[in-house]
Amino acid sequence: MFEVKRFVQNKMAENSYLLSARNGDTLLIDPGANSKAERDSIENYIKGNSLNPLAILLTHGHFDHIAGAAWARDFYNIKTWMHIDDKEELVIAAHAASVYNVNMEYVFTEADNYFDGEPVLKFGSVEVHVLHTPSHSKGSVCLYLPDGDILFAGDTTYNGTIGYSNDGFASLIKVIKEKILTLPPSTMVYSGHGLPCMISELRLPSSARR
């Protein structure tokens with residue numbers, strides 16, 4: 001029912017995704033393109049597959065996940081969506097990038113739309129259930145598509161294991177247990193870095209399994 005295309009982009013090897021339905025309705029998720037070659041890779045795939053971009057969804061506001069957001073918004077004339085609790089992350093993103101010797105070619109300091117809580121967002125034929133998973137950042141979210149058995153996890157999880165927390169790993173493990181491990185085991189998890197896996201393949205640290 002859905003196709004997921006992964007692009008590994010920018011210096012941080014961030015995963016950008018195109019989620020497309022059979023009719024071509026497409027969402028850009030965490031576009032991290034920060035060079036012409038990376039932007040061209042997205043553009044060529046969309047054009048070559050006759051896709052119809054409808055919106056840009058951000059799992060959180062860190063620079064490696066938003067580096068291509070301003071470009072994609074303007075190029076495709078579509079809107080960006082993210083959790084209100086990560087609004088401040090956008091303000092400091094360019095500075096944070098410079099710490100890693102990354103120059104953001106398109107600065108992105110304000111999303112078009114902010115949501116709160118855990119809304120269900122609908123774009124054309126694509127329905128996305130937002131799961132608020134704060135820990136990596138205050139406004140980190142996972143994007144769940146029940147119809148496709150798909151979860152975009154941002155940096156909440158990595159391939160087969162937990163992601164990175166800026167708020168202590170206890171809080172990260174808590175949200176993973178409550179929001180992710182309760183989903184069907186067959187759900188495919190597409191994280192912000194690394195290869196995808198199924199929820200059944202996710203492993204918590206041994207000290208957190210109780």
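Two strands count as paired here if DSSP finds at least two bridges between them. Helices (H or I, at least four residues) and strands (E, at least two) are themselves DSSP runs, numbered from the N terminus.

## Ground rules

This is a predicted model, where local features need pLDDT of at least 70 and side-chain atom pairs count only at pLDDT 80 or more, while totals for chains, interfaces and linings use all residues. Residues are numbered from 1 along each chain as its sequence is written, and side-chain values use heavy atoms, leaving out hydrogens and water.

## Strand S10 and its partners

Let's start with strand S10, residues 150-154. It pairs with strand S9 (residues 141-145) in the antiparallel sense, over three bridges. Leu143 has Phe152 in S10 as its bridge partner. S9 and S10 make a hairpin with four residues between them, and Asp149 in that turn has a positive phi of about 55 degrees.

S10 also pairs with strand S13 (residues 188-191), this time in the parallel sense and over four bridges. There, Ile150 has Met188 as its bridge partner.

## Helices H1 and H3

Helix H1 (residues 36-48) packs against helix H3 (residues 69-76) at an angle of about 35 degrees, with the axes 11 Å apart. Those axes are lines fitted to C-alpha atoms over the stretch in contact, and angles run from 0 to 180 degrees between N-to-C directions.

From H1, Arg39, Ile42, Glu43 and Ile46 are in contact (heavy atoms within 4.5 Å) with Trp71, Phe75 and Tyr76 from H3.

## The nonpolar cores

A nonpolar core is a set of buried Ala, Val, Leu, Ile, Met, Phe, Trp, Tyr and Cys residues joined through side-chain atoms within 4.5 Å. The largest one has 26 residues, and Leu28, Ile42 and Ile46 are among those with the most contacts inside it. H3 gives the most to this core, with five residues.

Leaving aside neighbours within four places in sequence, Leu28 touches residues including Leu18, Ile42, Ile46 and Ala72. A second, separate core of 20 residues includes Phe2, Tyr17, Leu57 and Ile150.

Definitions and conventions:
Buried means under 20% relative accessible area, exposed over 50%, partly exposed in between (1.4 Å probe, protein chains only).
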